Amino acid sequence: MITNLLEGKRGIIFGALNDKSIAWHVAEKAHAQGARLVLTNAPVAIRMGTIGELAEKTGSEVISADATSMKDLNELFGRSMEYFGGKIDFVLHSIGMSPNVRKGIPYAEINYENMLKTLDISALSFHRILQTAYRLDAISEWGSVVALTYVAAQRTLAGYNDMGDAKALLESIARSFGYIYGKEKHVRVNTISQSPTATTAGAGISGFDSLVDFSERMSPLGNADASDCADVCLTLFSDLTRKITMQNIFNDGGFSSMGMSQRAIEQYRKSFEECPDK
Ligand SMILES: NC(=O)c1ccc[n+]([C@@H]2O[C@H](COP(=O)([O-])OP(=O)(O)OC[C@H]3O[C@@H](n4cnc5c(N)ncnc54)[C@H](O)[C@@H]3O)[C@@H](O)[C@H]2O)c1
């Protein structure tokens with residue numbers, strides 16, 4: 001068993017809403033590996049969710065910040081450095097929201113005001129976080145910044161709506177900022193492309209249960225859960241991955257390399273037996 005992988009490291013974790021959140025699992029595991037943490041979320045999510053419980057469990061500080069507000073992010077990084085008494089070693093961006101998905105508006109009839117919000121919350125917030133940290137020189141040399149994404153950035157998955165566009169932008173920001181941050185400060189910037197996972201954000205996607213079942217049948221290793229995702233985050237925060245940057249790492253049991261699996265085709269065939277073509 002690995003112990004103390006993050007001993008002495010200090011991190012900011014965005015996006016722990018409740019114990020289903022992927023960020024929650026990352027915080028628990030990072031704490032168990034010796035990291036000190038600041039937990040952050042939008043003010044409304046702190047009121048509605050259970051982040052206080054996580055802070056108590058992990059001995060962390062909670063500082064609220066709307067990730068679309070440069071003022072909030074400046075305060076968050078400033079106060080975090082004061083709390084830690086120095087720079088930050090790792091940051092997790094685990095933030096996503098689409099008003100179009102929430103309101104069930106189909107992609108072909110999208111509302112553009114909503115779409116701008118989707119892009120701002122789910123993708124530009126990553127640029128804002130990176131820019132704030134860069135301007136304040138808040139991240140230590142060889143530090144690591146990770147954002148969570150989904151394969152809908154590369155492939156069309158029915159029902160994922162404008163979140164697919166947001167994830168494509170998010171992954172592009174990781175490469176564009178990763179170049180600058182790597183060259184100038186030796187800071188790594190990566191994304192992890194996660195299997196569908198039962199969380200508050202995941203459950204908002206239409207046909208989510210079928211999507212989970214489909215990708216489970218398609219993936220040779222089966223879906224990765226939130227705990228698996230946390231393990232990959234920890235390796236990217238650690239010193240074991242110092243030369244990995246500007247990458248999108250698929251933590252999806254092999255789903256993204258598949259075309260069709262035996263398990264999925266057998267299930268698909270059954271539907272023809274039940275509903276023969278007339
Ligand atoms: N659940 C899945 O199936 C899945 C799959 C692949 C990737 N992801 C990604 O993982 C990340 C975490 O999602 P999750 O599944 O743990 O769901 P979640 O609902 O627990 O987390 C989403 C978080 O985003 C936060 N957020 C929303 N607007 C914000 C704002 N303006 N400022 C700050 N925070 C804000 C929410 O409060 C919430 O904590 C997201 O980027 C999501 O797209 C999820």
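Over how many bridges do strand β1 and strand β2 pair, and in which sense?

**View 1. Pairing of strands β1 and β2 in the predicted model.** Strand β1 (residues 10-14) pairs with strand β2 (residues 36-40) in the parallel sense, over five bridges. Two strands count as paired if DSSP finds at least two bridges between them; strands (E, at least two residues) and helices (H or I, at least four) are DSSP runs numbered from the N terminus. I13 stands opposite L39 in β2. This is a predicted model, in which local features need pLDDT of at least 70 and side-chain atom pairs count only at pLDDT 80 or more, while totals for chains, interfaces and linings use all residues. Residue numbers start from 1 along each chain as its sequence is written.

View 2. Of the 27 residues around the ligand, S21, A45, G96, A201 and G202 come nearest; a residue is near a molecule if its C-beta atom, placed from the backbone, lies within 6 Å of it. Two or more residues of this shell come from each of α1 (22-32), β5 (139-149) and α8 (200-203), and α8 gives the most, with three.
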